[in-house]
Amino acid sequence: MSITFSLQSLKLSSPFLHGSTSLPLLSKPNSSTPHQPLRSPAFLPPIRAMKSMQGRVVCATNDKTVAVEVVRLAPHPKYKRRVRKKKKFQAHDPDNQFKVGDYVQLEKSRPISKTKTFIAVAVPSRNGKQEKDEAGELGIPLESKQTQEQPQA
């Protein structure tokens with residue numbers, strides 16, 4: 001009993017006891033820039049290790065599943081030249097909308113099965129085929145279309 005009473009009567013005079021003094025107040029008084037408060041972690045964007053990947057569908061025979069081949073460039077361990085590395089992923093396709101040869105984007109999701117942890121999302125084609133068909137390959141109207149338009153004008 002006497003030990004606890006003596007500890008309670010003992011008072012420590014420290015500015016850091018129980019966090020009574022904040023650290024910005026203890027900074028150097030001659031600093032020219034005022035101290036700006038730090039932003040809280042709620043305003044920071046979420047950190048995502050792998051955002052998404054793009055690849056080509058190589059197999060679409062299974063129901064609601066497509067096999068997507070992702071190609072990336074990586075340096076060769078010995079020769080240091082960039083070589084193509086391929087890897088196949090299983091992706092979820094709920095509507096069976098993708099066929100072999102389609103380019104898709106793989107989005108990370110919760111595990112759907114033992115091998116499926118991605119969802120396949122459609123990607124617009126890399127080249128605008130509709131524009132080239134209307135105006136020729138170089139973007140210039142075809143001669144046959146020009147000759148038809150001149151007599152009418």
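Predicted model: local features only at pLDDT ≥ 70, side-chain atom pairs only at ≥ 80, totals over all residues.

Biologist: Is Lys 116 buried or exposed, and what is the nearest side chain of opposite charge?

Modeller: Lys 116 is buried, and the nearest side chain of opposite charge is Asp 63, 8.5 Å away. A salt bridge needs a side-chain nitrogen of Lys or Arg within 4 Å of a carboxyl oxygen of Asp or Glu, so that cut-off rules the pair out. Lys 116 therefore has no salt bridge while sitting buried.

Biologist: What does Lys 116 touch, leaving aside residues up to four places away in sequence?

Modeller: Its contacts include Lys 64 and Thr 65, then Gln 90, Ala 91 and His 92, and also Arg 110 and Pro 111.

Biologist: Now zoom out. What pattern does the chain follow along the sequence?

Modeller: It reads α-β-β-β-β-β-α-α, with three helices and five strands. Of the 153 residues, 14% count as buried. The accessible surface comes to about 13700 Å², and carbon and sulfur atoms hold 56% of that. For contacts between residues at least 6 apart in sequence, 43% join residues at least 24 apart.

Biologist: How do I read the pairing of strands? How many bridges join strand 1 to strand 2?

Modeller: Start with the general idea: in a regular strand the side chains alternate between the two faces of the sheet. Here, strand 1 (residues 52-59) and strand 2 (residues 65-75) run antiparallel and are joined by three bridges. Val 57 stands opposite Val 68 of strand 2. Strand 2 then meets strand 3 (residues 82-92), also antiparallel, through eleven bridges. In that pairing Ala 67 faces Gln 90 of strand 3.

Biologist: What about the turns? Which residue takes a positive phi in the hairpin of strand 1 and strand 2?

Modeller: For background, most residues other than glycine have a negative phi. In this hairpin, with five residues between the strands, Lys 64 takes a positive phi near 60°. That is the Lys 64 whose backbone oxygen the Lys 116 side chain reaches. The hairpin of strand 2 and strand 3 has six residues between its strands, and Lys 80 in the turn has a positive phi of about 60°.

Biologist: Is Lys 80 buried or exposed?

Modeller: Exposed, because its relative accessible area is 61% and the exposed class begins over 50%.

Biologist: Where is Asn 96 found, and what is its phi?

Modeller: Asn 96 is in the loop between strand 3 and strand 4 (103-108), with a positive phi near 50°. It counts as partly exposed, at 34% relative accessibility.

Biologist: What else lies in the loop between strand 3 and strand 4?

Modeller: Pro 94 is one of the residues there, and it is partly exposed, with a relative accessible area of 42%.

How values were computed: Residues numbered from 1 in each chain as written. Heavy atoms only, no water. Pairing = 2+ DSSP bridges. Helix = DSSP H or I, 4+ residues; strand = E, 2+ residues; numbered from the N terminus. Buried < 20%, exposed > 50% of the residue type's maximum accessible area, 1.4 Å probe, protein only. Lys, Arg positive; Asp, Glu negative; His and termini not counted. Polar contact = N/O pair within 3.5 Å; in protein donor to acceptor, adjacent residues only side chain to side chain. Contact = heavy atoms within 4.5 Å. Areas by Shrake-Rupley, 256 points an atom, 1.4 Å probe, with all protein chains shown as cover.
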